[in-house]
Amino acid sequence: MRKYVPSYSGTLRSHGLTLPHCISECSGIRIFGKRIKSIAFSTDVAIIKNINADAIIAVYPFTPQASISQAVINVADVPVFVGVGGGYTNGSRSVRLAMQAEHQGAYGVVVNAPMPNEVIAEIKSVVDIPVIATVVSDRSDIRGRIEAGTDIFNVSGAAETASIVRHIREQYPHAAIIATGGPTEESILETIRAGANAITITPPTTGELFAGIMHDYREKKL
C-alpha cells in the first residue's frame, strides 16, 4: 500500500517544476549518505532553484569554468555533479578542474565520452568524490572505464539509452548507472526497467516557460 506523504508547496512556489513521479520507481544511488533518484540537467540558476530534483548535473558545451561550477553549487539546495571536460578540455587541465570542483563542494565530477582512461585514473587518484563517466554507445570500453576508477556511468544515448543501460547491466550487475529518461513517462520507465539506478531529466528553459506565462498575460490583457 502506498504511503501517505504530507506535502506543502505554499503560494509563491506552487508553480515550481516537478519531475515525473514515476522516477521514484528506480533504486537511486546513495552518495555520502544522500539517496539520489532524479537529476536535473541544467546550469540555469533560476531553474535549479525552482525544481524538485534530488541533484543537478552541470555539464555544458563550453570549456568547463570554475566560476560556473561555483555559481551552480552556491545556488543549488541539492548535490551538484560538475563537468570537467573530456573533449576539447582534457589531460592535466581536467584533473585540476576536478580537484577544484571537489574543493567547491561538488558531489561528483563528470567526464565526457572522449576522456582517455589514463586521465580518469589520474582524476580518481586526487579526488574523493565519485568520478562519473558518460557513455554514448554500447561500443564504449566499460571494463576499461571501471579499471580506471569510474564510480558511476552516465548513459546518454538518445533513443538507444535503454539498450545501452541494459547492455551495461547484463555485464556488470552491480554497476551504478545514471541515464537520461527521455520525454515521456513510458521512456523513463523503460530506462528504469533496463537497469538505471537514477534518471536525468532536461527541464524546459526559462524562455519556454516564459512563453506560456506571457501568453496567459496577453489573454488576460494585463
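A residue is called buried when its relative accessible area is under 20%, exposed when it is over 50%, and partly exposed in between (1.4 Å probe, protein chains only). The model described here is predicted, so local features are reported only at pLDDT of at least 70 and side-chain atom pairs only at pLDDT 80 or more, while totals for chains, interfaces and linings use all residues. Residues are numbered from 1 along each chain as its sequence is written, and side-chain values rest on heavy atoms, with hydrogens and water left out.

Beyond its neighbours within four places in sequence, Ser38 is in contact (heavy atoms within 4.5 Å) with Leu19, Ile23, Asn52, Ala53, Asp54, Ala55 and Ile199.

Ile47, in helix H1 (residues 45-49), is also buried, because its relative accessibility is 5%. Its partners, not counting residues up to four places away in sequence, are Leu17, Ser42, Pro203, Pro204, Thr205, Thr206 and Leu209. Pro203 is 156 residues from Ile47 along the chain, and the C-alpha atoms of the two are separated by 7.8 Å.

Helix packing comes next. Helix H2 (residues 66-75) and H3 have axes that come within 10 Å and cross at roughly 25 degrees; axes are lines fitted to C-alpha atoms, for helices over the stretch in contact, and angles run from 0 to 180 degrees between N-to-C directions. H2 and H3 are therefore roughly parallel, where angles under 35 degrees count as roughly parallel, over 145 as roughly antiparallel, 65 to 115 as roughly perpendicular and the rest as oblique. Ala66, Ser69, Gln70 and Ile73 of H2 meet Leu97, Gln100, Ala101 and Gln104 of H3. These residues comprise four nonpolar, four polar and no charged; Ala, Val, Leu, Ile, Met, Phe, Trp, Tyr, Cys and Pro count as nonpolar, Asp, Glu, Lys and Arg as charged, and the others, Gly among them, as polar.

Helix H3 (residues 91-104) also packs with helix H4 (residues 117-126), at an angle of about 30 degrees and with the axes 9 Å apart. H3 is thus roughly parallel to H4, and the crossing is right-handed. On the H3 side the contact involves Gly91, Ser94, Val95, Ala98, Met99 and Glu102, and on the H4 side Val119, Glu122, Ile123 and Val126. By class, this contact has six nonpolar, two polar and two charged residues.

The cysteines can be read quickly. With a disulfide taken as a pair of cysteine sulfur atoms within 2.5 Å, the count is zero. The sulfur of Cys22 has its closest cysteine sulfur in Cys26, 9.1 Å away, which is too far for a bond. Cys22 is buried at 9% relative accessibility, and Cys26 is buried at 3%.

Finally, backbone angles deserve a look. Most residues other than glycine have a negative phi. Phe32, not a glycine, has a positive phi of about 50 degrees and lies in the loop between strand E1 (29-31) and strand E2 (34-36). Ala158 likewise has a positive phi, near 55 degrees, in the loop between strand E8 (152-155) and helix H6 (161-171). Ala158 counts as exposed because its relative accessibility is 69%.

Definitions and conventions:
Helices (H or I, at least four residues) and strands (E, at least two) are DSSP runs, numbered from the N terminus. A crossing is left-handed if the near helix is turned anticlockwise from the far one by less than a right angle, and right-handed if clockwise.
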